[in-house]
Amino acid sequence: MKKKGTVFKGINQAGLEVLAQASEILELKAGDAVIRENDRDEHFFMVVDGRLEARKRIRPKQVETIEAFKPGDIFGFTSFISARPTPYTVVAQESATLFR
């Protein structure tokens, strides 16, 4: 689920700047969801600032945290490539900035 910057390994600074310019910047508040379980999303995300967590519904009234994301982490990549519904919800734990 999580990529620790390895997706961008080998890309020089100029290449990273092009990627940043092509990305949309998302500003989230604590509690905002960026991806919802079972939704289809055509994007993947990189955490620039803040902390988020991935949550999975286990039972109708039970949700479990399955992953934590911090600056530099990438999420949503598998759903982006496979075009399958995302298996989790990602929620900001605090104010966060993402590249989409």
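In this talk a residue is called buried when its relative accessible area is under 20%, exposed when it is over 50%, and partly exposed in between, using a 1.4 Å probe and protein chains only. By that rule Lys56, at 29% relative accessibility, counts as partly exposed.

Good morning, colleagues. The structure before you is a predicted model, in which local features need pLDDT of at least 70, side-chain atom pairs count only at pLDDT 80 or more, and totals for chains, interfaces and linings use all residues. Residues are numbered from 1 along each chain as its sequence is written, and side-chain values use heavy atoms, with hydrogens and water left out.

I begin with confidence. The predictor's confidence in each residue is given by pLDDT, from 0 to 100. The protein has an average pLDDT of 85, and 89% of the residues score at least 70. Helix H1, residues 13-22, has the lowest confidence, with a mean of 75, whereas E7 has the highest, at 96. Helices (H or I, at least four residues) and strands (E, at least two) are DSSP runs, numbered from the N terminus.

I turn to the interior. A nonpolar core is a set of buried Ala, Val, Leu, Ile, Met, Phe, Trp, Tyr and Cys residues joined through side-chain atoms within 4.5 Å. Which members of the largest core touch the most other members? They are Val34, Leu52, Phe75, Val90 and Leu98, in a core of 15 residues. Two or more residues each come from strands E1 (25-28), E2 (33-35), E3 (45-49), E4 (52-59), E7 (89-92) and E8 (96-99).

Leu98 deserves a separate word. Contact here means heavy atoms within 4.5 Å. Leaving aside neighbours within four places in sequence, Leu98 has contacts that include Ile25, Val34, Phe45, Leu52 and Phe75.

Next, the strand pairing around E3. Two strands pair if DSSP finds at least two bridges between them. E3 runs antiparallel to E6, residues 74-75, and is joined to that strand by 2 bridges; here Phe45 is opposite Phe75. E3 is also antiparallel to E8, with 3 bridges, and Met46 faces Phe99 across that pairing.

I come now to the charged pairs. A salt bridge is a side-chain nitrogen of Lys or Arg within 4 Å of a carboxyl oxygen of Asp or Glu. How many are found in the whole structure? The search gives 4.

One of them joins Arg100 to Glu24, at 2.5 Å from N to O. This pair links distant parts of the chain, 76 residues apart: Arg100 is in the segment after E8, and Glu24 is in the loop between H1 and E1. Arg100 is partly exposed at 29%, and Glu24 is partly exposed at 37%.

Another joins Glu37 and Lys56, whose closest N and O atoms are 3.2 Å apart. Glu37 belongs to the loop between E2 and E3 and Lys56 to strand E4, so this bridge ties together parts 19 residues apart in sequence. Glu37 is buried, at 19%.

A further bridge, at 3.0 Å from N to O, brings together Arg55 and Glu53. Arg55 is partly exposed at 27%, while Glu53 is buried at 16%.
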